[in-house]
Amino acid sequence: MSLSFTHHPILEAPTDEQIAALAADKTGQQALLDWHEAYHERLRKAVEEPLDHGFVLDHHKMVEDFLYQDDIDEVWVFGGWRSGKSRSAAKIVVESALANPNAEIICWAQNEDASVERQQPYIWEMLPKQYKQKMKGEVEKINYSKGTGFAGKKLILPNGAVIYFKFYSQFQNDDTMLEGANLGARKENVNKINMGSWLDEYLGDETLLNRVRGRCMEKNSKVLITFTPVDGYTPTVGTVMDGATTLTSKPASLLGGRMMPTSQQPGSNPSARIVFYHTEDNPWANFERLSRDLRAKEEADIMKLAYGFPTKSMTAMFSSFSHGSHVYKTSECEYDFSDRSKWTTYQVIDPAGTKAWSCIWASVNDLGDIRVWAEFPERDTYGEWAVEGKSIGKGEGAQWRQGPAAKECGGLSLRDLQTEWTKIEGSVEVTQRIIDIRFAHNPKQTKDHGEKTLQDELADMGVFTESSMGATEDVGLPLIQEALSLPDRSKPFDYQTNRPRMMFSEDVGNCIFSVLNYCKNGKKDEALKDFIDLLRYLMTAEGGEGPMHIDPNELGVTNITKGGY
């Protein structure tokens, strides 16, 4: 009796010895035939009906378990190459749609091509056989083609559940596109994981993500974000990763058995979890080939590409910057910057032509601690100062363009600017206002045919400024790096004993974004440079000594110029 069993990396086939033993008599032969039939029926179902009969790996199950928990709102999946993250995400989305009547779920991809080629096929694969045909009834609407994806960029199931396909590129062009959306299913309809949105290969900042979170709130639906960290950190990934606590881990064979995390809890968001898909845990991934490809790679590349663990971009200028060490929550650190006996406040101003002026407010105490606590235009109010361009997230090739904040606040009059600044400052008295020297002294004709500089015009309004030092980047940038460094670099961050001199409020999102991404790539980083320039002018204040705390009782004998209004 000769039977062959198709090899499968998970399903256990009989050994040659077992086959020989069973084939020895009729009873054993029948048992062997039954085993063979059941084995291959299992394989057939796994291919034809992957939703119900596919093989669920342990790390896939971990994601599902987290999403079932009431106190967890979102799960991030960081996956190595060919680790199966998109396929497992599609399974969760389709299961949710089938089990929860009238659910609304949005699946996001970078653009239409990415959606059609790399996301929608997984959704189609996971649909039950009876739905893999053109359907158009009173409720349901399913029409799929491999070349164009789902017709109308959505599918509607007979139970009224809808899966939409949208693109990050759409949101960049129209950030109102989610208005009115109410994602997920109502509580009485929830029978499985209540999915609200799946964001695949999310490279952007938190603007869209926060909108999605808001649209999942009413129905308490879940958010799933999948990401392959080929180029390391993005600003949003930095927020999630910094300060994260490892929950589970396992040894990594390509790193000499070093323990690599399989799950973490972000320090910035207790209601989120991170799951790491290790490529070697996916038996279909050809890990042997990947191992050969990674043999000559740096450790950081192996961590990213084989174990899904993002490492910071080596091209970032301020590589020591992290949210965990440099960003403080305003609600937890209630500094009173209006107390001039403890804090001396600077405003730094970078004028511009057609785009918006950019500004920061920073205060320094008698220990030399600098806290950057306000910015204009504020990210929460006006949006991003810089957004990714065509080469989004590609390391040294990344390009940035002006975001909505740089455009929306452009063309404001000096009086309008003064009004905005007054709102920001409130009861805080600015001791010195520093303005970019390149703009400060440029004369221009006035109505009475005289000449006035920008500083003159501001002074006429009661806004008194000092010109920046005019130092080159090679002078200012190292001073920023020094202020960001921990006093003892051999030890971890500790707020009491080992903290950097310069820290940022969570409210200065555009400034933080620039620090995290600036690589000094010339024109490619031009849109990020404005806030870096502001920090340079701050750190070269007082003749290059940097910002200093001045007791208000000593102002009469110092060269500090009162900020005015």
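This is a predicted model: local features need pLDDT of at least 70, side-chain atom pairs count only at pLDDT 80 or more; totals for chains, interfaces and linings use all residues.

Student: Which residues of helix α11 are buried?

Tutor: Buried means under 20% relative accessible area, with a 1.4 Å probe and protein chains only; exposed is over 50%, and partly exposed lies in between. Helices are DSSP runs of H or I with at least four residues, strands are runs of E with at least two, and both are numbered from the N terminus. In α11 (residues 299-307), the buried residues are Ile 302, Met 303, Lys 304, Leu 305, Ala 306 and Tyr 307. Just after α11 comes Gly 308, with a positive phi of about 65°.

Student: What covers the buried residues of α11?

Tutor: Look for contacts, meaning heavy atoms within 4.5 Å. The cover includes strands β1 (74-79), β11, β12 and β13 (272-277), plus helix α10 (287-293).

Student: How do β11 and β12 pair?

Tutor: Two strands pair if DSSP finds at least two bridges between them. Here β11 (residues 245-252) and β12 (residues 258-265) run antiparallel, over 7 bridges. Thr 248 faces Ser 263 in β12. The two strands form a hairpin with 5 residues between them. In its turn, Gly 256 has a positive phi of about 65°.

Student: Where is the largest nonpolar core?

Tutor: A nonpolar core is a set of buried Ala, Val, Leu, Ile, Met, Phe, Trp, Tyr and Cys residues joined through side-chain atoms within 4.5 Å. The largest has 67 residues, and Phe 318 and Phe 504 have the most contacts inside it. Helix α20 (residues 526-539) gives the most to this core, with 9 residues. A second, separate core has 37 residues, among them Ile 72, Val 77, Ile 92 and Cys 107.

Student: What does Phe 318 touch?

Tutor: Leave out residues up to four places away in sequence. Phe 318 then touches Leu 477, Ile 480, Gln 481, Leu 484, Val 515, Tyr 518 and Ile 532.

Student: And the chain as a whole?

Tutor: Count the elements: 20 helices and 24 strands. Of the 565 residues, 50% are buried. Among contacts with a separation of 6 or more, 68% join residues 24 or more positions apart. The C-alpha atoms fill a box of roughly 110 × 60 × 40 Å along the principal axes.

How values were computed
Residues are numbered from 1 along each chain as its sequence is written. Side-chain values use heavy atoms; hydrogens and water are left out.
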